[in-house]
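Trainee: Please take one part of this model and go through it closely with me. I would like to see how that part sits against its surroundings.

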Amino acid sequence: MAKATEQQKTAGQGTVLPRHIAIIMDGNGRWAQKRGLPRTAGHAAGAETFRRIARYCRDLGVEYLTVYAFSTENWKRSAQEVSAIMGLLKKYLEEAIEKMRRENVRIRVLGDTSVLSPDIRALIARVEAIDETLTTHTQANLCVNYGGRDEIVRAVRAWESDPAHGELTENELSKYLYTAGMPDPDLVIRPSGEQRISNFLLWQSAYAEFYFTDTLWPDFTEKDMDAAILAYRSRDRRYGGVKK
Ligand code: IPE
Ligand code: IPE
Ligand code: MG
């Protein structure tokens with residue numbers, strides 16, 4: 001599939017390839033359970049799937065891939081599961097530092113990272129510094145300790161305390177979101193059979209197309225991505241206007 005055309009970037013015009021795809025990476029626990037494995041084995045498998053799908057999006061020419069890795073509500077899980085997920089995040093970031101130039105996918109972490117451990121925060125800073133030197137057209141946003149409502153509240157607070165802020169408009173507030181400067185997601189994919197948003201990109205997905213599949217995230221393949229993009233292409237995006 002070709003890179004996004006100028007025409008496609010215009011609202012309501014051709015929908016060849018989404019510029020921005022967002023994924024709620026759900027179903028890791030059930031994937032593991034089905035195999036008699038601990039939930040953490042599902043998270044490890046899910047991390048590999050992310051790596052594979054990020055490369056695929058790069059090959060397709062998708063500009064932004066935003067994935068939900070850990071929500072502001074996921075702290076409710078057992079300390080053991082949370083620490084396993086944080087361990088996987090650390091491992092992923094360490095490996096990314098070695099592989100980023102080869103893989104040529106820019107990585108950004110979105111969410112309230114201030115409460116993460118100092119070693120993870122240092123790794124995020126290193127990854128984001130490498131990010132500046134890459135030539136890639138694909139950016140992967142990893143949402144960690146991310147919540148859509150939390151993001152909006154933080155944006156309002158940041159706007160309020162910014163002495164240089166402009167008049168409060170939708171466009172103005174967008175500048176204070178984690179996704180500042182990025183286009184809104186065109187397509188939001190949720191695997192695992194659940195059909196809810198679970199506090200993901202509430203503001204940004206106002207006019208996103210949604211795609212749900214029963215496939216559990218660790219089993220999600222390039223074919224599933226093709227199916228999601230194909231479904232997206234058949235949608236008629238009207239943005240509140242009338243059918244052309
Ligand atoms: C998604 O998989 C990963 C995180 C929320 C961290 P789950 O762990 O939610 O898997 P299920 O939904 O229990 O199968
Ligand atoms: C959403 O999945 C969060 C992530 C995938 C990181 P959850 O498994 O936490 O969502 P709910 O609890 O089923 O809504
Ligand atoms: Mg889940």
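Mentor: Start with Asn199. Its relative accessibility is 12%, so Asn199 counts as buried (under 20% relative accessible area; exposed is over 50%, partly exposed lies in between, with a 1.4 Å probe and protein chains only). The model is predicted, so local features need pLDDT of at least 70 and side-chain atom pairs count only at pLDDT 80 or more, while totals for chains, interfaces and linings use all residues. Residues are numbered from 1 along each chain as its sequence is written, chains are lettered from A and ligands numbered from 1 in the order in which they are written, and side-chain values use heavy atoms, leaving out hydrogens and water.

Asn199 belongs to the loop between E5 and E6. Strands (E, at least two residues) and helices (H or I, at least four) are DSSP runs, numbered from the N terminus. Asn199 is not a glycine, yet its phi is positive, about 70 degrees. Ser192 shows a positive phi too, about 85 degrees, and is not a glycine either. Ser192 lies in the loop between strand E5 (187-190) and strand E6 (209-212). Ser192 is buried, at 6% relative accessible area.

Now Phe200. This residue is also in the loop between E5 and E6. Its relative accessible area is 1%, so Phe200 is buried. Which residues does Phe200 contact, leaving aside neighbours within four places in sequence? They are Ala22, Ile23, Ile24, Thr66, Val67, Tyr68, Cys143, Tyr146 and Ser205. Contact here means heavy atoms within 4.5 Å. Phe210 is ten residues from Phe200 along the chain, and their C-alpha atoms are 12 Å apart.

Next, the strands that flank the loop. E5 is covered on both faces. Leu187 and Ile189 are buried on one side, Val188 and Arg190 on the other. In a regular strand, side chains alternate between the two faces of the sheet. E5 pairs with E6 in the parallel sense over four bridges; pairing requires at least two DSSP bridges between two strands. Glu209 in E6 is the bridge partner of Leu187. Phe212 in E6 is the bridge partner of Arg190. Strand E1 (residues 20-24) also pairs with E5, in the parallel sense, over three bridges. There, Ile21 has Leu187 of E5 as its bridge partner.

Step back to the sheet. It is open, with six strands in the order E3-E4-E2-E1-E5-E6 and parallel pairing. Strand E3 (106-110) and E6 are the edge strands, each pairing on one side only. Neighbouring strands are turned by 20 degrees against each other on average, direction ignored. Axes are lines fitted to C-alpha atoms, for helices over the stretch in contact, and angles run from 0 to 180 degrees between N-to-C directions.

Last, the packing. Ile21, Ile23, Phe50, Ile189 and Met225 touch the most other members of the largest nonpolar core, which has 46 residues. Such a core is a set of buried Ala, Val, Leu, Ile, Met, Phe, Trp, Tyr and Cys residues joined through side-chain atoms within 4.5 Å. Helix H3 (residues 79-103) gives the most to this core, nine residues. A second, separate core has twelve residues, among them Ala22, Leu110, Cys143 and Leu201. Not counting residues up to four places away in sequence, Met225 touches Ile21, Ile23, Ile53, Tyr56, Cys57, Ile189 and Phe220.
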